[in-house]
Amino acid sequence: MERADCYNVLKEQFLATMYDELMPGILHNFANPLNGIMGRSKLLQRRLDDHVRKIRERYPDVAAGFKEDYEKILKDVASINRESDKFTELFWDVARKFQGIAEERPEKINISQLLVSEMRFTDFFLSFKHEVKKNLAFREDVPDITGPLADYSLSFFALIRRAMTAMKSSPEKEFFISTDCDQQKVFVYIRDTGVPFTEENIRVIHNMSTDKDVTAPSSVQDGLFYACCLLEHHGARIHLSSDSSFNEVTVAIPYR
């Protein structure tokens with residue numbers, strides 16, 4: 001067997017253990033020291049504030065002589081706490097993503113909250129974070145839908161990822177995502193200024209609503225296709241459109 005074949009087999013076996021076995025252990029082992037760092041840094045700030053206050057009250061002359069030093073130390077500790085908070089938020093963005101794609105039991109899901117998490121996770125894609133103008137408009141009071149969190153997390157990530165890829169070579173990079181609802185459905189709207197959908201993409205996706213056993217050419221069996229297939233399994237309806245300025249994906253999910 002060739003070296004590349006051996007490598008690819010072992011790589012696939014390693015990745016197969018990533019989500020179900022390895023990642024939960026990684027997150028657990030990171031979480032414990034991180035919680036310790038957060039707790040100690042907060043405690044250090046309180047103790048330092050209290051110490052400086054006591055020195056200033058009891059020995060004002062001494063405190064005056066060390067005023068500049070005290071202020072620098074206080075600022076440094078405050079900075080450590082701010083950066084610890086940022087790191088903790090990043091850690092939990094990753095943790096929630098991997099926990100979400102492993103959760104296959106039906107549950108109540110607020111689509112707006114899910115998409116907030118998905119968009120926070122996209123900050124790890126640096127070109128998307130820094131080069132794309134983003135407009136987010138999530139309605140907070142959308143009704144919950146019911147289904148496996150993993151299915152919705154994977155599907156919407158795939159739709160967002162498609163937009164990222166479509167905009168890579170676009171001179172104008174703008175991305176819009178919003179949610180809304182009516183008396184029966186929750187709506188998600190995703191727009192981008194990337195490469196337009198092909199007519200074949202649109203035809204195949206639109207045929208899903210009438211043909212559950214739709215087969216598609218390999219040319220359109222991509223993340224968009226499988227995301228739409230998975231959403232359709234949960235009763236969602238997807239509509240694609242493109243014009244001279246934008247592509248738009250509309251997902252309508254029943255909650256009644």
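Q: At what angle do the axes of helix α3 and helix α4 cross?
A: Keep in mind that this is a predicted model. Two packed helices are described by the angle between their axes and the distance between the axes. Here the pair is α3, residues 67–100, and α4, residues 111–121, with axes that come within 9 Å. The crossing is left-handed, and its angle is roughly 115 degrees.

Q: How many charged residues are in the contact of α3 with α4?
A: From α3, the residues involved are E89, D93, V94, R96 and K97, and they meet S117, E118, R120 and F121 in α4. Sorted by class, that contact has two nonpolar residues and one polar residue, and the charged ones number six.

Q: Is E118 buried or exposed?
A: E118 sits in helix α4. Setting aside neighbours within four places in sequence, E118 touches K97, S153, F157 and I160. Buried means under 20% relative accessible area. The value for E118 is 3%, so this residue is buried.

Q: Which residues does M119 contact, leaving aside its neighbours within four places in sequence?
A: M119 is another residue found in helix α4. Its relative accessibility is 5%, so M119 counts as buried. Its contacts beyond those neighbours are F128, K134, L136, F138, I160, F175 and I177.

Q: How far apart are the C-alpha atoms of M119 and K134?
A: K134 belongs to strand β2, residues 133–137, while M119 is in helix α4. Along the chain the two are 15 residues apart. They are in contact with each other, and their C-alpha atoms are separated by 9.8 Å.

Q: What separates the C-alpha atoms of K134 and K42?
A: K134 lies in strand β2. K42 is 92 residues away from K134 along the chain. The separation of their C-alpha atoms is 34 Å.

Q: Which elements are included in what covers the buried residues of α8?
A: One view of the α6 side comes from S155, which lies in helix α6. Leaving aside neighbours within four places in sequence, S155 is in contact with A227, L230 and L231, and A227 and L231 are among the buried residues of α8. The cover includes α6 (149–166), α7 (199–207), β6 (237–242) and β7 (247–254).

Q: Which residue just after α8 takes a positive phi?
A: The place to look is just after α8, a helix that spans residues 223–233. The phi there is about 85 degrees, and the residue is G235.

Q: Which residues is A163 in contact with, leaving aside its neighbours within four places in sequence?
A: A163 has its place in helix α6. Its relative accessible area is 0%, so A163 is buried. The C-alpha atom of P196, 33 residues apart from A163 along the chain, is separated from that of A163 by 10.0 Å. The contacts of A163 are F175 and D192.

Q: How do the rings of F66 and Y70 pair?
A: The structure holds nine aromatic pairs. In the pair of F66 and Y70, the ring centres are 6.3 Å apart. Stacked needs planes under 30 degrees apart and edge-to-face needs over 60. The planes here are at 45 degrees, so the pair is tilted.

Q: Which residues do ring pairs link into a cluster?
A: One member, F121, is also among the α4 residues that meet α3. Another, F157, is in contact with E118. The cluster linked by ring pairs is F121, F124, F125 and F157.

Definitions and conventions: Residues numbered from 1 in each chain as written. Predicted model: local features only at pLDDT ≥ 70, side-chain atom pairs only at ≥ 80, totals over all residues. Heavy atoms only, no water. Buried < 20%, exposed > 50% of the residue type's maximum accessible area, 1.4 Å probe, protein only. Helix = DSSP H or I, 4+ residues; strand = E, 2+ residues; numbered from the N terminus. Contact = heavy atoms within 4.5 Å. Axes fitted to C-alpha atoms, helices over the stretch in contact; angles between N-to-C directions. Left-handed = near helix turned anticlockwise from the far one by under 90°. Nonpolar A, V, L, I, M, F, W, Y, C, P; charged D, E, K, R; others polar. Phe/Tyr/Trp six-rings, centres within 6.5 Å; stacked < 30°, edge-to-face > 60°.
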